[in-house]
Amino acid sequence: MPIVGKPTQQPRDVQDYDIDYSLWFPPEDVITSAVLTVSPAMPVPPSYAISHPRVKVWIYAGGAPGQTYLVTVRAITNDGREKEVELKVKIKED
């Protein structure tokens with residue numbers, strides 16, 4: 001699955017990242033849901049919001065300094081298509 005970003009943030013940052021699915025889904029096939037998984041688990045799990053054709057992923061404060069988290073985002077459409085992409089979020093040392 002493609003890695004769509006390798007952002008870095010501070011342990012107390014709260015950041016959002018937009019994933020644009022327009023490259024994979026036709027315009028009329030609307031994203032209806034998403035599933036997020038994180039490895040290793042984060043103290044505060046990420047959340048998401050859908051604004052077709054994008055999924056906005058929120059990464060909250062509390063990650064361990066020096067740790068890289070793999071956030072997998074699977075978007076699901078009304079026609080049954082699914083596309084999984086990844087973000088690798090590195091938490092900088094303070």
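1. Rings of Phe, Tyr and Trp (for Trp, the six-membered ring) form a pair if their centres lie within 6.5 Å; planes under 30 degrees apart count as stacked, over 60 as edge-to-face and the rest as tilted. Tyr21, Trp24 and Phe25 make up one aromatic cluster.

2. This is a predicted model, in which local features need pLDDT of at least 70, side-chain atom pairs count only at pLDDT 80 or more, and totals for chains, interfaces and linings use all residues. Residues are numbered from 1 along each chain as its sequence is written, and side-chain values use heavy atoms, with hydrogens and water left out.

3. The structure holds two aromatic pairs. One of them joins tyrosine 21 and phenylalanine 25, which are stacked at 5.6 Å centre to centre with 10 degrees between the planes. Both tyrosine 21 and phenylalanine 25 are buried (under 20% relative accessible area; exposed is over 50%, partly exposed in between; 1.4 Å probe, protein chains only).

4. Valine 4 belongs to strand 1, residues 3-5 (strands are DSSP runs of E, at least two residues, numbered from the N terminus). Valine 4 counts as partly exposed because its relative accessibility is 38%.

5. Valine 89 sits in strand 8, residues 82-91. Its relative accessibility is 0%, so valine 89 counts as buried. Leaving aside residues up to four places away in sequence, valine 89 touches Pro7, Gln9, Ile59, Gln67, Thr68, Tyr69 and Val71 (contact means heavy atoms within 4.5 Å). The C-alpha atoms of valine 89 and serine 33 are separated by 22 Å, and the two residues are 56 residues apart along the chain.

Definitions and conventions
Helices (H or I, at least four residues) and strands (E, at least two) are DSSP runs, numbered from the N terminus.
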